[in-house]
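Please look over the sequence and the 3D structure below.

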Amino acid sequence: MRWINWLFAAMRTYGGGILEMPDLMDTRRAFLAHCQANLAALRREGRYREFAHLEKLSGRFPLYRWHRPDGVREVTVWSSNDYLGMGAHPQVLAAAARAVEEHGAGAGGTRNISGTSPLHVALEAELASLHGKPAALLFGSGYIANQAGIAAVLEALPGFIVFSDAKNHASMIAGMRGAKGAGRVIWRHNDLQDLEAKLAAAPSGAPKLIAFESVYSMDGDIAPIGAICDLAERYGAMTYLDEVHAVGLYGATGGGISERDGVAHRVDLIEGTLAKGFGVFGGYIAGDADMVDYIRSTAGGLIFTTSLPPAVAAAALESVRVLKRLPERRVALAERAAALKSALDAAGLPRLDGPSHIVPVWVGEAELCRQVARRLLEDHAIYATPINYPTVPRGTERLRLCATPFHTDAMIAALVTALQAVLPTAAIRQAAE
């Protein structure tokens with residue numbers, strides 16, 4: 001009978017004559033209009049994301065097959081996060097195949113229900129050992145590890161304040177924003193003076209967390225981890241370090257920049273991924289046993305997410321073990337990065353200077369960046385990811401390159417020639433200035 005009451009109310013409202021219906025929000029139509037307007041704006045600004053259909057060739061990395069409407073073409077990929085090519089390592093592939101045969105395709109549930117196997121336990125122990133920590137905890141991805149882990153930490157104590165580097169990854173920011181009651185203070189990127197000033201200005205009795213990355217993936221620069229730990233000790237703060245773009249790649253056994261610099265023991269929580277240097281999939285956090293256990297017991301992103309499939313856990317476990325005793329790939333990565341930088345510099349191409357394996361090439365405008373990437377792919381069979389806002393600030397658009405141990409001198413020469421052909425002279429001159 002509710003609809004009858006609503007009908008009489010509407011008639012009274014509109015004078016009882018010809019029945020006029022009150023204006024109602026057509027939510028579906030409004031949302032669809034919003035989607036269309038925003039997509040049109042993204043296209044106008046040159047920021048609309050189009051996914052290239054790239055088929056990875058396990059035995060021929062970094063060569064891929066590009067599937068396009070008129071056929072298939074082989075291309076060289078310069079933007080893979082499989083930095084060491086471990087996704088195609090024979091021992092890693094064999095471990096995954098054995099696990100599928102023995103355990104099936106899926107984990108069967110969350111960690112609490114039925115998704116914890118000896119493979120998961122062994123992988124966590126290996127990761128804890130990698131970072132010299134008592135414990136580690138697996139997550140479905142590096143994004144989830146940051147989002148769920150940071151939120152769990154910040155919700156633990158009332159009045160928690162997180163001091164976030166201005167260039168922290170979106171997953172870290174999501175964790176900070178999702179923490180109820182926590183404050184957030186942003187400090188200028190890698191600026192220790194600004195960090196100290198903000199720490200000094202905060203209430204001395206408030207719990208504090210300094211959150212930062214080791215290698216920043218869009219600029220290729222590296223954080224001064226030891227100096228940040230000095231400030232954390234001086235002001236009674238915890239530290240949370242994202243080593244996503246460094247694990248497997250740096251340090252004697254692949255423990256990241258914190259291992260390379262001999263400061264891993266000073267960092268409270270280290271977050272990493274299994275999807276980049278290790279070439280597989282998943283994320284994790286390593287640290288004090290009780291801290292890790294607390295996150296395990298409270299982080300919704302872990303509790304309510306199905307655990308990694310056994311084949312993924314087995315492949316990641318083998319990759320971590322192999323890289324611990326395979327420094328040759330780390331050495332080769334550093335040599336190839338140096339060779340790429342040298343070739344770009346000799347050609348006068350506008351790369352952003354940085355000490356890591358990540359080599360950004362400056363373009364500086366969103367639509368131009370998209371066009372440059374498209375011409376590289378269509379005219380030169382080279383794939384390089386265009387990086388636009390909001391990943392980087394407007395006006396700093398770039399291509400993001402990485403030379404793996406499997407990129408040859410001939411591939412580097414071909415890339416340089418292609419960039420010289422597709423980058424406008426004005427853009428190169430402006431970047432040089």
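Strands β13 and β14 run antiparallel and are joined by 3 bridges. Helices (H or I, at least four residues) and strands (E, at least two) are DSSP runs, numbered from the N terminus. Within this pairing, Ile387 has Arg398 of β14 as its bridge partner. The model is predicted: local features need pLDDT of at least 70, side-chain atom pairs count only at pLDDT 80 or more, and totals for chains, interfaces and linings use all residues. Residues are numbered from 1 along each chain as its sequence is written, and side-chain values use heavy atoms, with hydrogens and water left out.

The open sheet has 3 strands in the order β11-β14-β13, with antiparallel pairing. Two strands pair if DSSP finds at least two bridges between them. At the edges stand β11 (358-362) and β13 (385-387); each has a single partner strand, so one side of each lacks a neighbour in the sheet. On average, neighbouring strands here are turned by 35° against each other, direction ignored. Helix α13 packs on the sheet and touches β11 and β14. Its direction makes about 20° with that of β11. Axes are lines fitted to C-alpha atoms, for helices over the stretch in contact, and angles run from 0 to 180 degrees between N-to-C directions. Contact means heavy atoms within 4.5 Å.

## A four-stranded sheet

Another open sheet has 4 strands. Their order is β1-β2-β3-β12, and the pairing is mixed. The edge strands, β1 (53-56) and β12 (382-383), each pair on one side only.

Strand β3 (residues 71-77) runs parallel to β12, and 2 bridges join them. Thr76 stands opposite Ile382 in β12. Helix α14 (residues 366-380) lies across β2 (63-68), β3 and β12. The helix runs at about 115° to β3.

## Helix α15

Helix α15 covers residues 409-422. Its 14 residues should span 20 Å at 1.5 Å a residue, and the end C-alpha atoms are 20 Å apart, which agrees. The expected span is 1.5 Å times one less than the number of residues.

The buried residues of α15 are Met411, Ile412, Leu415, Val416, Ala418, Leu419 and Val422. They cover an arc of only 165° around the axis, which puts them on the same side of α15. The arc is that of the directions from the helix axis to the C-beta atoms. Buried means under 20% relative accessible area, exposed over 50%, partly exposed in between (1.4 Å probe, protein chains only). The face turned away from the buried side carries the exposed residues Asp409, Ala410 and Thr417. The buried residues pack against β2, β3, α13 (327-346), α14, β12 and β14 (398-402).

## Aromatic rings

There are 2 aromatic pairs in the structure. Phe61 and Tyr64 form a tilted pair, 6.4 Å centre to centre, with 55° between the planes. Rings of Phe, Tyr and Trp (its six-membered ring) pair if their centres lie within 6.5 Å; planes under 30 degrees apart count as stacked, over 60 as edge-to-face and the rest as tilted. Phe61 is buried at 9% relative accessible area. Tyr64 also counts as buried, at 9%.

Phe61 and Phe406 form an edge-to-face pair, 6.2 Å centre to centre, with 80° between the planes. This pair links distant parts of the chain, 345 residues apart. Phe61 is in the loop between β1 and β2, and Phe406 is in the loop between β14 and α15. Phe406 is partly exposed, with a relative accessible area of 33%. Phe61, Tyr64 and Phe406 form one aromatic cluster.
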